Amino acid sequence: MRLDKFLSNQGIASRSQVKEYIRKGRVIVNEQLVKTSDQQIDESKDRIYFDGELILYQKNIYIMLNKPQGVVSATMDNVHKTAFDLLKIANKKDLFIVGRLDLDTEGLLLITNDGELSHNLLSPKRHVSKTYQVIVEQPITKEQIQKLEAGLDIGEEKLTLPARVQPISENEFYLSIVEGKFHQVKRMLQAVDNQVVFLKRVAIAGLKLDETLEVGEYRELTKDEYFQLTERE
Ligand code: URA
């Protein structure tokens with residue numbers, strides 16, 4: 001791989017900026033200063049330093065974003081700001097969103113270039129759990145909780161799969177579901193004659209939203225968090 005491609009793929013900067021950095025002598029390959037961007041490197045063997053810092057080769061990238069309300073879970077949109085607009089990283093070309101949230105839903109949005117992980121998380125057969133913090137218009141009743149947990153008719157071919165409710169207060173609870181139908185949580189609450197007034201995704205499988213991330217902020221997953229994505233809740 002070319003040196004400039006490697007550095008921009010690792011998120012250092014855009015390809016043209018990286019070329020400039022290389023020209024200015026900010027890049028070292030195996031203890032040697034290199035000033036030519038087209039130098040070929042072996043990303044699995046060579047040691048590449050930018051400003052003295054070793055750049056670890058990372059084929060896949062995993063980002064958790066605390067999506068704000070009013071932001072579309074998309075790469076491009078003509079009307080609204082998108083989740084991708086919030087990412088201040090150079091190379092977004094291969095990234096995609098794993099499991100969209102509605103415009104008015106906030107919380108954990110996973111963005112990656114790892115197609116296999118994405119497929120595994122989204123596959124309906126795998127029953128990956130997603131947990132939402134839900135605030136509803138009317139106090140949630142025991143019967144409503146029972147129905148949500150048992151499975152409901154929301155106008156699909158089959159009833160929803162059993163869900164889990166963990167009450168927080170009269171009008172607020174965590175709801176864990178193992179499917180991802182369009183507007184599923186809102187439709188489940190409508191089916192028990194209640195209505196969602198606030199919705200936030202707080203977990204996907206074993207991965208929890210980092211509560212220190214303000215809405216609109218993001219960061220890469222740690223190694224442990226990556227493994228939590230493959231844990232069953
Ligand atoms: N269920 C919904 O209704 N909306 C979301 O954004 C996610 C789950």
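By class, how many nonpolar, polar and charged residues does the shell around the ligand have? Four are nonpolar, three polar and two charged. (Ala, Val, Leu, Ile, Met, Phe, Trp, Tyr, Cys and Pro count as nonpolar, Asp, Glu, Lys and Arg as charged, the others, Gly among them, as polar.)

Before you click on: this is a predicted model, with local features needing pLDDT of at least 70 and side-chain atom pairs pLDDT 80 or more, while totals for chains, interfaces and linings use all residues. Numbering runs from 1 along each chain as its sequence is written, and side-chain values use heavy atoms, leaving out hydrogens and water.

Now select L101, D102, T105, Y132, H183, Q184, V185, K186 and L199: they surround the ligand (a heavy atom within 4 Å of it). Colour helix α6, residues 184-191, next; three shell residues come from there, the largest share (helices are DSSP runs of H or I, at least four residues, numbered from the N terminus).

Zoom in on the polar contacts (N or O pairs within 3.5 Å). A side-chain N or O atom of D102 is 2.7 Å from a ligand nitrogen. A polar backbone atom of V185 is 3.1 Å from a ligand nitrogen, and a backbone N or O atom of K186 is 3.1 Å from a ligand oxygen. The protein covers 95% of the 240 Å² of accessible area that the ligand has on its own (Shrake-Rupley, 1.4 Å probe).

Finally, zoom out and colour by domain, with bounds from an automatic or database assignment. Domain 2 (61-125 + 210-233) and domain 3 (129-204) both give residues to the shell, so the ligand lies between them.

Terms used. A polar contact is a pair of N or O atoms within 3.5 Å; within protein, one must be able to donate a hydrogen and the other to accept it, and residues adjacent in sequence count only if both atoms are side-chain atoms. Helices (H or I, at least four residues) and strands (E, at least two) are DSSP runs, numbered from the N terminus.
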